[in-house]
Amino acid sequence: MVLIEARDLALPNRLAGISLTLRAGEMLGVIGPNGAGKSSLLQSLAGLLPHDGEIRLAGIPLPTLASHDRARKIGYLPQFCDSAWELAVEEIVALGRLPWRDCNEAVIWKAMRETGIEALAKKQVNRLSGGEQARVWLARVLAGAPNLILADEPAASLDLYYQAKIMDTLRKHANGTNGVILAIHDLALAARYCDRFCLLKQGNIHAFGTPEVVLAEAVLSDAFGVPIHVDLNHSPPIILPA
């Protein structure tokens, strides 16, 4: 089942004619150099930026969905989050239930367990480290139980242990009728988890497909402008400047 589909998606000076699909049970990695359009693509798929082209969620045109239906189906995690109020962690995570108009404590605590923040429940979010806050914001998204998670660099500020934990959590979510699209700079980490890749360069799709197709040395070297060594058969995969 196709979970989300974009056709000829375009944003002036950001994206040009992007067409892609995400199937249920799949994790799609959006990669590319800085300024390639990764964040713009995720924001457009979430319905947060005006754009040309068409986006369909499970076959339904995205603009026709009521705002609360869209919020129930799509969970968006931006690269940078902040709180204007001194809220406790458990209050932040509970905000993920707003589209459902309930306060399902079982779901909220499940999200906190999955991100390893139960011990932080009573602490004020603005007093946490950057890595701890990153896990709180992901827990808020998970608490909303969306079918589709759009995550912009979800592991960027985390140590190695929590990088693996968060990626494991997202991989677990991309199962059954759910899916995940994430923008990610760490290509070796992405290679361990993603089923397919969308490689952007200057707002265009440079390559799209399986790791073997997109993470080829010649393809990546051309996109990033530097020779890159790739060994996908190594455990874990190795992707480094040559």
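Mentor: Happy to. The largest pocket holds about 390 Å³ of space. A pocket here is found on a 1 Å grid over the protein atoms alone, as an open set of points where a 1.4 Å probe fits, with protein on both sides within 12 Å along at least five of seven lines; lining residues have an atom within 4 Å of a point. Grid points are joined across faces, edges and corners, and the volume is the space filled by probe spheres set on the points. The largest pocket is lined by 15 residues, and those closest to its centre are A71, I74, G75, Y76 and P99. Two or more lining residues come from each of α2 (67-73), β6 (74-77) and α5 (130-143), and β6 gives the largest share, three residues. These element names follow DSSP runs, numbered from the N terminus: helices are H or I runs of at least four residues, strands are E runs of at least two. By class, the lining has nine nonpolar, four polar and two charged residues. In that count, Ala, Val, Leu, Ile, Met, Phe, Trp, Tyr, Cys and Pro are nonpolar, Asp, Glu, Lys and Arg are charged, and the others, Gly among them, are polar.

Before going on, please keep in mind that this is a predicted model, in which local features need pLDDT of at least 70 and side-chain atom pairs count only at pLDDT 80 or more, while totals for chains, interfaces and linings use all residues. Residues are numbered from 1 along each chain as its sequence is written, and side-chain values use heavy atoms, with hydrogens and water left out.

The second largest pocket holds about 230 Å³ of space. Its lining has 14 residues, with Q79, F80, C81, A134 and S157 closest to the centre. Here α5 gives the largest share, four residues. The lining divides into eight nonpolar, four polar and two charged residues.

One of its residues is Q133, which is buried at 17% relative accessible area. Buried means under 20% relative accessible area, exposed means over 50%, and partly exposed lies in between (1.4 Å probe, protein chains only). Beyond its neighbours within four places in sequence, Q133 is in contact (heavy atoms within 4.5 Å) with V125, N126 and L128.

A nonpolar core is a set of buried Ala, Val, Leu, Ile, Met, Phe, Trp, Tyr and Cys residues joined through side-chain atoms within 4.5 Å. The largest one has 51 residues, of which I31, V93 and L220 touch the most other members. The element that gives the most to this core is α5, with eight residues.

Now for the charged pairs. Side chains of opposite charge can pair when their charged atoms come close. With a salt bridge taken as a side-chain nitrogen of Lys or Arg within 4 Å of a carboxyl oxygen of Asp or Glu, the count comes to nine. In one of them, E54 meets R7 at 3.7 Å, N to O. E54 belongs to strand β4 (residues 52-57) and R7 to strand β1 (residues 2-11), so this pair ties together parts that are 47 residues apart in sequence. E54 is partly exposed at 26%, and R7 is partly exposed at 41%. Another salt bridge joins R196 and E26 at 2.4 Å, N to O. R196 sits in strand β9 (residues 196-201) and E26 in the loop between β2 (15-23) and β3 (27-31), 170 residues apart. Both R196 and E26 are buried.

Finally, a few backbone details. The peptide bond from S235 to P236 is cis, with omega near 0°, and P236 lies in the loop between β11 (228-231) and β12 (238-241). E153, a residue other than glycine, has a positive phi near 55°; E153 lies in the loop between β7 (148-152) and α6 (160-173) and is buried at 10%.
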